[in-house]
Amino acid sequence: MAFNPEFRPILAALMRNKTGPVLVAVQVALSLAILANALHIVNVRQAVMDRPSGVEREADIFHLQVSELNSASTFNDMVAQQVRQAALLRAVPGVESVAQTNQVPLSNSGNNTGMAASRDQVKVSTGTAYYVSPDSVVKTWGLKLVEGRDFQPTEVVNLDMTKDAYETSVIIITQALAKKVWPDSTSYVGKQVYFGTGSDATAARVVGVVERLQSTGAEVGERGEMSIIQPIRRITSPRAMYTVRAEPGQRDRVMKETEAVLRKDANNQIVVRPKTFDEDRRNRYRADRGLAWMLVAVSVLLMLVTASGIVGMASLWVTQRRKQIGVRRALGARRVDILRYFITENVMITSAGVAAGLLGALGLNHLLVTNLELARLPASYLLAGAAAFLALGIAAVYGPAWRAASISPATATRGVV
């Protein structure tokens, strides 16, 4: 009579020896709970790292921080010096556009201010990064204007930051900032926006809205999309920053040549620190990238440990049941019957672990959502994790189960009285 395993006798056999199955089920549960949330975090961090900055062709952008050692001493001389340096950079072959600026997106270092729709507000509507330039950063960074226009040359203000306040009559803002300040409006050009609140708050008129321009910190969420641009040449010291767009594929050559041009103009009495936009992006997301790789490594390790546990348990059971298997084979059980028995047994154990793991994954995600403001775990991760561990369980037990099915009845029953 052929052996035909059923769930009830298999379950009864498992209940007589609970320790091994329980340990494997607990291992599967813990691994699934951690794996589902770890991969969810990796996906969330990857989405953060892939966010568009608003800057077009980032690979062609670089910036130069310039410090003069023997610079002009008067305000007018420093203005003339910066105008000359920008003109020298534009004359370098392969340069598409140059803009002097105070800071760049994703640099993790910069200035911020508060914006409000009215002086009468108790507090500002939001904080925002502010970029200033006497040139067109809209052109140099390839920002997309969705409403209004770029600045006109007559709107540029030269400010001596040792004496003058930050005041301009016009401003360009991001779409995210516009929606935050005026949530009920659909058109923003011509609106007045205020730097801070109260009677001392200065006003500026919106002349343009760009689709996106990330802040220097590129924070997660809407805060990272809050930015403004002002038509200002800022003079604080014999230092300046120039952001440069090179022709496609020419960035590295152009970066070297622009540095050489500035050094020659200053008779080498200058410090130039070049840096690419790609470097800023890599530095900004270094921690996120490291976390993602760490979680991937942990996930792979968990899968390997779980598979090893299943293989070890199944191998032990095959050894312990060697004579029992031989007797069944002698009574007519086929190899496929033995194979099916061990696979069914493992599926039952793994399924119990998966069920507990799904609850554990939801509980762990709730903890992360509550304390770290992480997005809720999508059902697809739970389903994929459950399927992965069930498949892993079958794959891990297949080898020991096949060895059990290959046992010769004569060999297995030798010595049985």
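Entry 1. I looked up Gln65 and found Met241 of β12 standing opposite. The model is a predicted one.

Entry 2. I count 4 strands in an open sheet, ordered β2-β12-β1-β13, and the pairing is antiparallel. Which strands are at the edges? They are β2 (95-100) and β13 (270-276), each of which pairs on one side only.

Entry 3. I asked what lies across β1 and β13. I found helix α7, residues 277-284. Helix α7 runs at about 70° to β13.

Entry 4. I moved on to helix α2 (residues 19-49) and helix α10 (residues 335-372). Their axes come within 7 Å and cross at roughly 40°. Are α2 and α10 oblique or roughly parallel? Roughly parallel needs an angle under 35 degrees, so I log α2 and α10 as oblique to each other. The crossing is right-handed.

Entry 5. I listed who meets whom between these helices. On the α2 side I have, among them, Val24, Val28, Leu32, Asn37 and His40. On the α10 side the list includes Ile349, Gly353, Gly357, Gly360, Leu364 and Asn365. How do the residues of this contact divide into nonpolar, polar and charged? I noted 17 nonpolar, 7 polar and no charged.

How values were computed: Residues are numbered from 1 along each chain as its sequence is written. This is a predicted model: local features need pLDDT of at least 70, side-chain atom pairs count only at pLDDT 80 or more; totals for chains, interfaces and linings use all residues. Side-chain values use heavy atoms; hydrogens and water are left out. Two strands pair if DSSP finds at least two bridges between them. Helices (H or I, at least four residues) and strands (E, at least two) are DSSP runs, numbered from the N terminus. Contact means heavy atoms within 4.5 Å. Axes are lines fitted to C-alpha atoms, for helices over the stretch in contact, and angles run from 0 to 180 degrees between N-to-C directions. Angles under 35 degrees count as roughly parallel, over 145 as roughly antiparallel, 65 to 115 as roughly perpendicular and the rest as oblique. A crossing is left-handed if the near helix is turned anticlockwise from the far one by less than a right angle, and right-handed if clockwise. Ala, Val, Leu, Ile, Met, Phe, Trp, Tyr, Cys and Pro count as nonpolar, Asp, Glu, Lys and Arg as charged, and the others, Gly among them, as polar.
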